[in-house]
Amino acid sequence: MKLSHVIESQQFTVPLIHELFARARQMEATVRHGGTRDYERRIMATLFYGSSTRTRFSFEAAMQRLGGRVLSTESAQDFSSEIPGEHLEDTIRIIGGMCDLIVLRSRERDGAKRAAAISPVPVINAGDGEGGQHPTQALLDLYTIQQECRTVNGLTVVFMGALDAGRTVRSLAYLLGKVERNRLIFVAPPEVQIAKDILRYLDDHGVRYELTSDPAKVLPQADVVYQTRIDPDRLRSLDVKPAAYNLDLETLARLKPSSVLLHPLPRSVEIDPAVDQDPRAAYFRQARNGLFVRMALLTMLLEP
Amino acid sequence: MKLSHVIESQQFTVPLIHELFARARQMEATVRHGGTRDYERRIMATLFYGSSTRTRFSFEAAMQRLGGRVLSTESAQDFSSEIPGEHLEDTIRIIGGMCDLIVLRSRERDGAKRAAAISPVPVINAGDGEGGQHPTQALLDLYTIQQECRTVNGLTVVFMGALDAGRTVRSLAYLLGKVERNRLIFVAPPEVQIAKDILRYLDDHGVRYELTSDPAKVLPQADVVYQTRIDPDRLRSLDVKPAAYNLDLETLARLKPSSVLLHPLPRSVEIDPAVDQDPRAAYFRQARNGLFVRMALLTMLLEP
Amino acid sequence: MKLSHVIESQQFTVPLIHELFARARQMEATVRHGGTRDYERRIMATLFYGSSTRTRFSFEAAMQRLGGRVLSTESAQDFSSEIPGEHLEDTIRIIGGMCDLIVLRSRERDGAKRAAAISPVPVINAGDGEGGQHPTQALLDLYTIQQECRTVNGLTVVFMGALDAGRTVRSLAYLLGKVERNRLIFVAPPEVQIAKDILRYLDDHGVRYELTSDPAKVLPQADVVYQTRIDPDRLRSLDVKPAAYNLDLETLARLKPSSVLLHPLPRSVEIDPAVDQDPRAAYFRQARNGLFVRMALLTMLLEP
């Protein structure tokens, strides 16, 4: 299967997800053996409006492990000293004439979709504006669940944190709605609960879910805990004790021995570093899986 | 012919221009076939004081399509956290000791010339300060005229916009003064007309030119329309309707079917996106030609 | 000998220094012959909190001359748009999962040491906070002394400038305390003299040293003059004539014909450009030696 662009989680069918994961596993082996030079004549451009060195490096390392080249910009908002607000479409047309693939982090919600509509080369959405998507993050999250739990079906997945803002939660919920028989539990103070449009999507796809503000009740059932960023000041302004939604050694004691802790990183205060040593803490393995999943996506987009 | 540095349009003789264009055409074929690895051990450094991702990417893609490596800085003005105003000469001597070629966008008018005077490696001027030059842009502009019109002689070239500030207009006018029997028409409100020193240069070289503030009269004669950036606020402050110097579907109707529309990009409001679909709109092909012309220049500077 | 990390000058034993210098000399030959491709499957990440294009380019050129790849960030302080103060440890764990080596310029004094403690890949300290170290600079300084004087023993080395702030002076003094029978002279106004902890270190290692505020007396004895940056405003605020500690043609006349002038660069006003032409001015050769020493260090850290 060949991909044209990677814009949103919804575009990934179950067979496409399985092919992607098979390729990602091959990429783990490829990296162990020192990478390939198969793509040494291909050029990827990273256009980041809004810095995210972690995501940018993950894409750039993926392309380089495949032997490819990179054009890189850390701060595309300073794209030109001449025209402050250049049209995204013009930029994409011009950059697309120089390279074989564009990785775009846009500040506009539909940036990646607009870019893909006119780009002469494949576009990957590396995260678009607030309320938007971050599909490669969701794919690596799901791949990590597959690698850690040996399945992506029949799981109880607990999402915890400030869920209304989380681009990664949205994108992963879409994917989990595709694969079968999972149960999603959203744990957050009511003021920052998951957005209605996601719940509608889950309803439409017959996915079981629950909403609660009480972590204690649901954490013992979790196969996967997906912890997201919490802005402590924001929770405090809602009169919520931020620590109530944090992971620490005490919370850990309540979890099943087989459960898996994920976090999209970077973390703020919501996971105590003491948790890192626990074998269930999978978030650094999760970050590393980004390399393999992105390599797999690049091969699907670039292969002739 | 081997080049030492690329500093200003005036240094390009007609035979040199023809060799460059022949190489650029070869490079189009090279890129179609996936690039080369001929320069895989050569390193190019891009030193940009003042961001221009478009120009930087064009040089970096050119070097990479040749197999070469890149050292890149988006914002050389933050070169050092220690010395705010390091001497350009010191920087060039040091960077020149690490790489095989320097691409410099300076904020100082004579930056590239000063750099070339002491650099241990070739220097390319990627645009220097206000009133300065941008010779690789002029070369790709002229190459585009050659590719679109199948000649660079005997043409009527209309420059339109705020012509006093345009570095690209200056550099292209110098080049057009070299090749034969062209007629240049500069269309702008008198307050922002082309600078006197360019007109003196054209007089000295026996080039025919006209100045006018009325687009309607001259556009129907144009073989090439070179539209440049217009700052609408500036025109308004001069009591000029900015739209009078814009290209839109209405203006387009007045042009010859064989005419060619160029713009150095990025554009602001001066070309209506509706124009993009017209086959005469050559500005995205023009941007792409930058890749081939820069590859050609790199081979002329780097080959042993 | 294999290195694990490069954190501080103190870790370099005399045999390790000699092996490094032997490798650096090989690297000079390697670069003359166009570099190698031995490390073409290895990736180095440069994480710079605080810009220093010169040092970053030197590392990146070193890696590329070895055939390797680079992930690059000019301004890691803007690492994430989401979490302003991400933990260094988390960053290093994540980036270390993508690459084979990390070059870190930290703003925190113990940044490199903390990074090395948890990094899955080798870490090189490319300069840490005020009062910290810059060991690769010290190694290239010592290598330059070796190349220029044909020895690193039995020399009179004069350090001149504002010595209290100089990270490079600290790091080089540590190294010179390791090799034998050198005599160090620190020339500075008392208010900005070398810090006490360095003198204690020299005492402990039986290194002869002198402190003075009078350049005229000691410059004629110097085999090596290591001039460092002077902030003229700061000296003026101490009622000291900054020019008293500068190098110009007049000072030069007092030096031995065989003496060697070093400066870590960039310079401000403290070396008159007229001095550059003198064969004793070795600071641009010194900067270039950074390439060979860093290539040598990379091979020692990366070889299997």
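These notebook entries record what I looked up in a predicted model.

**Conventions.** I number residues from 1 along each chain as its sequence is written, and letter chains from A and number ligands from 1 in the order in which they are written. In this predicted model local features need pLDDT of at least 70, side-chain atom pairs count only at pLDDT 80 or more, and totals for chains, interfaces and linings use all residues, while side-chain values use heavy atoms, with hydrogens and water left out.

**Entry 1: chain B against chain A.** I found 32 residues of chain B in contact with 30 residues of chain A. The buried area (the accessible area, 1.4 Å probe, that two parts lose on being put together, summed over both) is about 2700 Å², and carbon and sulfur atoms give 48% of this. The rule finds four salt bridges across this interface, each a side-chain nitrogen of Lys or Arg within 4 Å of a carboxyl oxygen of Asp or Glu. In a salt bridge the side chains of B:Arg267 and A:Asp90 meet at 2.6 Å, N to O. On the side of chain B that touches chain A, the elements giving two or more residues are helix H2 (53-65) and helix H11 (283-302) of chain B. H2(B) gives the largest share, nine residues. Helices here are DSSP runs (H or I, at least four residues), as are strands (E, at least two), numbered from the N terminus.

**Entry 2: helix H3 of chain B.** I looked up burial, where buried means under 20% relative accessible area, exposed over 50%, and partly exposed in between (1.4 Å probe, protein chains only). Seven of the nine residues of H3(B) (residues 88-96) are buried, among them B:Asp90 and B:Thr91. The buried residues pack against strands E1 (43-48) and E3 (101-105) and helix H4 (111-118) of chain B, and against helices H2 (53-65) and H11 (283-302) of chain C.

**Entry 3: B:Thr168.** I located B:Thr168 in helix H6 (residues 167-176) of chain B. B:Thr168 is buried, at a relative accessible area of 8%. Neighbours within four places in sequence aside, B:Thr168 is in contact with B:His134, B:Gln137, B:Tyr226 and B:Pro264.

Terms used: Contact means heavy atoms within 4.5 Å.
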